[in-house]
Amino acid sequence: MRIGLLILRRLLLMIPVMVGVLVITFVIGRVIPADPVALLMGQENADEALVQQIRHDLGLDQPIWTQFYVYVRNITRGDFGMCWSTRNPVLDDLAVRLPATLELVIVSMIVCIVLAIPLGVYAAVKRDAFGDHVTRVASLVGVAVPGFWFGLLLIFFFYYYLRWAPPPMGRIGFRTTIVPVTGFNLIDSLLAGNLKAFGEVWAYLALPVAAVSLRKVAQLTRLVRSSMIEVLASDYIQTARAQGLRRSTINFRLGLKNGLLPPITQIGDMFGDLIGGAVVIELVFAWPGAGRWAVTSALAGDFGPIQAFVVICAAVRVLCFLVADILYAVIDPRIKY
């Protein structure tokens, strides 16, 4: 019952956060110097009566409060407006491009967790040993190196110099066809039983995933290491060692379980950060995702896709924090009280 109340409180706290996000995105969409009517009509010297009629049809001649009410009402109905540069509903364009971003981010997050937690535990258990020093230096470099620059290095070495990687031009080769079912090429290629396409999808994913996850792997490794060192130095761990418990039991059943509490917050925040960080990586690798689409729309002065992308990123981040709070309560029963 207590964990149910915890979830209910967190859900109620999500409401003002999302309202604030909607206010910010609405204001940004109204202050940028771009006229949606000009984008829609595609000409500057248009008939003034026609321009005013279109502005009326779009509700742009209404008071700002009325426009905000309509904006919030449409979003609650799943209507993010029109993408003026493509003449399509924003939700339709987003549905085409969002699976590419989610596939990149989900795979990157799995890579981060699979690599960072064992490396952090190893560095903490082997504190001040050679492996610990190597892990710390590598983590420091990973935190310091920008993801886009690392991506350019990967392209230069693995595609241009070594010819091991495919060209950074999308999610799959031009000669390979995958029937879209879920929008995730990894899943769709498996559903079709096309193992060759599955391997090709991994080949196109490898370098972008490495560029996106580098910084997060380094950050999470450092956090797991510091948290584990603090836990392994606690009194109950010393007591367990004095009682002769096995090292694996001490390190994993006692140490790792309690040492994961701070990294859980980092992991909960990681998904939203990876979506934001993937924007630049999508541009570097010509990845046809939602981030690249939002940047292209921003350069064209089309604020509808930007608003939709920001709202979805904010909602995803808030939901990730909710999941992190629930995991906190599951791992540490004191949180429920």
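Me: Which residue just after α12 takes a positive phi?
Reply: Ala286 does, with a phi of about 50°, where helices are DSSP runs of H or I with at least four residues, numbered from the N terminus. This is a predicted model, in which local features need pLDDT of at least 70 and side-chain atom pairs count only at pLDDT 80 or more, while totals for chains, interfaces and linings use all residues. Residues are numbered from 1 along each chain as its sequence is written, and side-chain values use heavy atoms, with hydrogens and water left out.

Me: And where does α12 bend?
Reply: At Met270, by about 35°, the bend being the angle between axes fitted to the seven residues ending there and the seven starting there.

Me: OK, at what angle do α11 and α12 pack?
Reply: Helix α11 (residues 247-259) packs against α12 at about 45°, and their axes are 5 Å apart; axes are lines fitted to C-alpha atoms, for helices over the stretch in contact, and angles run from 0 to 180 degrees between N-to-C directions. The two helices are therefore oblique to each other, since angles under 35 degrees count as roughly parallel, over 145 as roughly antiparallel, 65 to 115 as roughly perpendicular and the rest as oblique.

Me: Which residues meet there?
Reply: Lys257, Asn258 and Gly259 in α11 meet Leu261, Pro262 and Pro263 in α12, contact meaning heavy atoms within 4.5 Å.

Me: New topic: how many aromatic pairs does the structure hold?
Reply: It holds 7 aromatic pairs, a pair being rings of Phe, Tyr and Trp (its six-membered ring) with centres within 6.5 Å; planes under 30 degrees apart count as stacked, over 60 as edge-to-face and the rest as tilted. One of them is Phe26 with Tyr71, which is tilted, at 5.5 Å centre to centre and 40° between the planes.
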